[in-house]
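User: I'm new to this one and would like to get to know it through a few questions. Could you show it to me first?

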Amino acid sequence: MARAIKIFLIVIAALVVLLAATVFVVTQVIDPNDFKPQIREQAMAQANLDLEIPGDLAWQFWPSLGVSLGRTEARIAGEEELFAGINSASVGVAVWPLLFGQVEMDGVTLDGLEVNLVETADGANWEKIGPQDGAEEETAPAEEEQPGESGGMDIPLTIPSVAITDGKIRYRNTTDGTDIRVEHFNFNAQDVSLEEPFPMQMSLRYQDQSDMRVDLNLDTTLAADLDNNHFVLDPMTLDADIAGMTTNPVSVHLEQKLDVNLDEDRAQVTDLLLEAAGTRTTGNATVTGLTGEMKVAGQIDTEPFDANAALEAIGEEPIETSDDSALSKVALSATLDGPANSVMVNPLKVTLDSSTLSGKAGLENLETGKIVFDLNLDKITLDGYLPPQSDEEDSAAASGAGGGTGGKEGGTTQLSEAELIPVDSLRPLLLDGSLKIGELNYDTIQASNIVFNVDAKDGVLRLTKASGDTLQGGFNASGRLDVSGNTPRISFKQNVSSMQLQPVVAMALDKDLAKGIFSMDLDFSASGNSEKALVNSAKGNASMNLADGTVRGLNLYGTLVGGVNDMLGRFQGLSALIPNQESGKLPAALSEDTKIIDLTTKASLNQQVANLDSLEAKLDKGTLSGNGWMNMLTQEFDLKIGMQSPELGGSKYLEDVTWPLRCQGSLAGSPAKWCGPDKEGFAKIAQQAATNAAKGKLKEKLGIDAEGDTTEEVMKNAAKKKAQEKIEEEMGDKLKGFFNR
């Protein structure tokens, strides 16, 4: 036995010496640089690459047997620009296992990798790599392995390390200006195996033509089943700093388990954790049909976060709100569910402070990009989300400043000529959605049962329905925005029925000016793509009604009384014709307001001016009729009103008289200063009444029908008639005496 063991050891020692001598001869006698011409020839023939190897090829002997490669550059045949290059590379196998017929990789390293990818209108440079002019790769016929036969050495199943350091990859597209750089690319993997999971790390910097920069670090464990195209990254941790998209860089932390099975056409994300800018999102998702009709399912939840704190974290200005606590509790819960070839969230729940938005939304069709939604907002109070009022706005509101003094056709308000409607973004939009709001509060206005239905197709966006209940009444509206042509066109229709007017006026003018039950029908259209163009092209018609109304601070009957009293001061003889007047004057109106029993008006809109084509009103002390205009931008107006009052109709000479009033100014001004009597018109009425009274008295007392447009003319005409009658009477008496003789 001892002799056998001795012989065995001698044989082993001999084999070791023989193998060592062989390795020594190979590494010391054979110069790998002698193979450079053959390597260049094969690179040109098989890959169409002009290969330059200015660095040395060198053998490694211990502790591993391998070869190292120095600086190497590859250019596409006929081109000067570098396509790819490396500073150094090496690969080796462990020496000791070779003694026992085993091949164990010791490691693979690649340093200074550089790749330049260029795409032009004529194609991409990487498409030129491969055999050219019909050349085909030479492949040796495979020898069939007989059953039971195997190679003399085992195939390596594990590589202790694979390292890529300081890599650079650049992609340029000359047609659209894309320029993407990946720098500082480092990759490291340990115990690389196709049978067992192995750890790997990767880091890089991404930068593109928009100056967006991403510094990324990935740490994961990969399990790869190449036979079944199944890859699992578990656990997977990714940290990234993203700059260029926001003022401050954004740090993103991602944890997840990623399971990709290409044979099953499936990818799955589980145990997702995403943290960024103070937000935390968890969930899972499964995507099937990766190469066909994709289907997404899963659950995504974002914990409550402060929106303004998130904005500050990325260096953006916070959203200024009247309520400091607004936007402090924003959360999301989304269930990914829908048919194939879609990405739908159903149900969807978004929490905004004390409001909840729920329903479903998503892309109904990934090919067409159609957006659909059916959402319900339970309640919301808008006041807290609006910007706080500035000191300038406060002082303007306190002083009652309006929109300017530009008169009917213009004003101090400046209209922008900047592009207002994003035509290019809206034209391809495909949309079908509905939003319902249970309760909405704004200022003193409360609305409920609000419904908005919208759709978009072929460059036409439609508001098919907008309705709701508010201010003890309701509204219905529809509209259309057509951006399919060169000039956007807008049309809008609205009906308001039995709505309380006072809250609307108080909100718009910041004062309690009017109240009543308001109804309106509006039809409006405009074209253009700026404020100025839309206003200048605006046209429309409106009919309005106000019942049981009051205009505060304006007493039209008081204005009428003031005008009549002024008229009596100039025409004192009319005092006898005006009932209920004392000492030549009517008593002043006790109320400062005008009570409107019913009012109707019809208006037409032309540019920024609403022309009141007709106005008819029944007051508690008379009736009104008139017309005029209002500048919708400056809030200036000019109305010519005729008023009839039964209080002044006691005299037959003033029955059915229409007293002319003139109302003009600005809605922002004092109502008490708006209206006044048309003095010239009042004078004409006084003159006519006096003339009619003179005619009546002459007829009544003297039986004379005197003509004339003024009292003086009537009196002169009456005198003439009286004189004529006297002469005729005297002549008659003389003739009678003559014939009676």
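User: Let's start with a cysteine. Is Cys663 buried or exposed?

Analyst: This is a predicted model, so the values here are computed from it. The relative accessible area of Cys663 is 4%. Buried means under 20%, so Cys663, at 4%, is buried.

User: And Cys675, buried or exposed?

Analyst: Take the same cut-off, under 20% relative accessible area for buried. Cys675 has 13% relative accessibility, so Cys675 counts as buried.

User: Which residue does Cys663 join in a disulfide?

Analyst: A pair of cysteine sulfur atoms has to lie within 2.5 Å to count as a disulfide. By that rule the count comes to one. The S to S distance is 1.8 Å, and the partner of Cys663 is Cys675.

User: Which strands hold Cys663 and Cys675, and how many residues apart are they?

Analyst: The link between them is right-handed, with 110 degrees about the S-S bond. It ties together distant parts of the chain: Cys663 sits in strand E34 (residues 659-666) and Cys675 in strand E35 (residues 675-677), and the two are 12 residues apart.

User: Stepping back, how many helices and strands does the protein chain have?

Analyst: Of the 741 residues in the protein chain, buried ones make up 35%. The accessible surface comes to about 42,500 Å², and carbon and sulfur atoms own 54% of that. If you look at contacts between residues at least 6 apart in sequence, 49% join residues at least 24 apart. As for the elements, the chain has 11 helices and 35 strands.

User: How many bridges join strand E14 to strand E15?

Analyst: E14 covers residues 230-243 and E15 covers residues 250-261. One place to look is Thr237, which stands opposite Glu255 in E15. The two strands run antiparallel, and the number of bridges joining them is 11.

User: Which residue takes a positive phi in the hairpin of E14 and E15?

Analyst: This hairpin has six residues between the strands. The phi in question is near 105 degrees, and the residue that takes it is Gly244.

User: What about E15 and E16: which residue in E16 is the bridge partner of Val260?

Analyst: E15 and strand E16 (residues 266-276) pair in the antiparallel sense over nine bridges. They form a hairpin with four residues between them, where Asp265 in the turn has a positive phi of about 60 degrees. Across the pairing, the partner of Val260 is Ala267.

User: How far apart in space are Val232 and Asp259, C-alpha to C-alpha?

Analyst: Val232 has its place in strand E14, and it is buried, with a relative accessible area of 16%. Not counting residues up to four places away in sequence, it touches Thr221, Leu222, Ala223, Lys257, Leu258 and Asp259. Val232 and Asp259 are 27 residues apart in sequence, yet their C-alpha distance is 4.5 Å.

User: Which backbone nitrogens does the side chain of Ser193 reach?

Analyst: Ser193 is found in strand E11 (residues 178-193) and is buried, at 5% relative accessible area. Its side chain reaches the backbone nitrogen of Glu195 at 3.0 Å, and at 3.3 Å that of Glu196.

User: Last one: with which side chain does the side chain of Ser434 make a polar contact?

Analyst: Ser434 is found in strand E23 (residues 431-442) and is buried, with a relative accessible area of 10%. Leaving aside neighbours within four places in sequence, Ser434 is in contact with Phe373, Asp374, Leu375, Phe452 and Asn453. The polar contact, at 3.3 Å, is with the side chain of Lys436.

Definitions and conventions. Residues are numbered from 1 along each chain as its sequence is written. This is a predicted model: local features need pLDDT of at least 70, side-chain atom pairs count only at pLDDT 80 or more; totals for chains, interfaces and linings use all residues. Side-chain values use heavy atoms; hydrogens and water are left out. Buried means under 20% relative accessible area, exposed over 50%, partly exposed in between (1.4 Å probe, protein chains only). A polar contact is a pair of N or O atoms within 3.5 Å; within protein, one must be able to donate a hydrogen and the other to accept it, and residues adjacent in sequence count only if both atoms are side-chain atoms. Contact means heavy atoms within 4.5 Å. Accessible areas come from the Shrake-Rupley method with a 1.4 Å probe; for residues, only the protein chains shown count as cover. Two strands pair if DSSP finds at least two bridges between them.
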